[in-house]
Amino acid sequence: MSRVVLHNYFRSSTSYRVRIALNLKGVAYDYVAHHLRHGEHRDAAFLAVNPQGLVPALVWTDGTVVTQSLAICEFLDEAIREPALLPADAPGRARVRAISQMIACEIHPVNNLRVLNALRTRYGADDSGVADWFRHWVNETFAPLEEMLAKSPHTGRFCHGDAPGLADICLVAQVANNARFNVDMTPYPTIACIRDACMELPAFADAAPARQPDAE
Ligand SMILES: N[C@@H](CCC(=O)N[C@@H](CS)C(=O)NCC(=O)O)C(=O)O
């Protein structure tokens, strides 16, 4: 059995998700950094691990490679049952996955580095235009997410009840990204409150971009 390896980048929110999940599960891992702005995720050595050339990628103890942050989190949840990242009941699991996917499928893909780069190189956007794009797509989903969380009896200290899980992982990583683009969190008090509750936990705080070995 080898040590777990996480290919990631300090500023990547999808990497941040997996770092939180590994910490919650108590899995020690080797941190392999790929500097996205230097294009290191396109190096042949990393493409051999993940042909998609995206971080994160996890190499498990038996050599199994898992890509896609949500798939990695669910893989970890199945490999190590406690603490569970998903609720025990099917409606609860569906709710947590829905919140997670609102962030992972609706916000992140259109705000990914390669998309923001394409806005600049193909469509002539400047820094202000790129930031405006980023905030637009965050607000499109954060507004309904705030309403869902604020109104649901299932929301507790965290997105679903009083234990952190997959939805909180996605929420915290997205809020960290938002700060880089000055997203106004005033309209999102429930989201901000859940984020603050998460950050009190070492598993979340230790996974923060600023605490990683490649942080700049
Ligand atoms: N859906 C994937 C997205 C992975 C992804 O796009 N990661 C970003 C960093 S957050 C990346 O590698 N970007 C490189 C690029 O855009 O060129 C996941 O959840 O893991």
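The shell around the ligand comprises five nonpolar, eight polar and three charged residues (Ala, Val, Leu, Ile, Met, Phe, Trp, Tyr, Cys and Pro count as nonpolar, Asp, Glu, Lys and Arg as charged, and the others, Gly among them, as polar). The model is predicted: local features need pLDDT of at least 70 and side-chain atom pairs count only at pLDDT 80 or more, whereas totals for chains, interfaces and linings use all residues. Residues are numbered from 1 along each chain as its sequence is written, and side-chain values use heavy atoms, with hydrogens and water left out.

Of the 16 residues around the ligand, Val55, Gln68, Ser69, Asn112 and Arg114 come nearest (a residue is near a molecule if one of its heavy atoms lies within 4 Å of it). Domain 1 (4–83) and domain 2 (90–203) each supply at least three residues to the shell, the domain bounds being taken from an automatic or database domain assignment. Two or more shell residues are given by helix H1 (13–25) and by helix H5 (113–123); helices (H or I, at least four residues) and strands (E, at least two) are DSSP runs numbered from the N terminus. The largest share, three residues, comes from H1.

An N or O atom in the side chain of Gln68 is 2.6 Å from a nitrogen atom of the ligand. For His41, a polar side-chain atom lies 3.0 Å from a ligand oxygen atom, and for Thr14 the corresponding distance, to a nitrogen atom of the ligand, is 3.3 Å. Taken alone, the ligand exposes 510 Å², of which the protein buries 89% (Shrake-Rupley method, 1.4 Å probe).

Backbone geometry was examined at residues in loops. Gln68, in the loop between strand E4 (65–67) and H3, has a positive phi near 70° although the residue is not glycine. The peptide bond from Val55 to Pro56 is cis, with omega near 10°; Pro56 is found in the loop between helix H2 (44–49) and strand E3 (57–59). A further cis peptide bond, with omega about -10°, joins Glu82 and Pro83, and Pro83 is found in the loop between helix H3 (69–79) and helix H4 (90–111).

Key: Polar contact = N/O pair within 3.5 Å; in protein donor to acceptor, adjacent residues only side chain to side chain.
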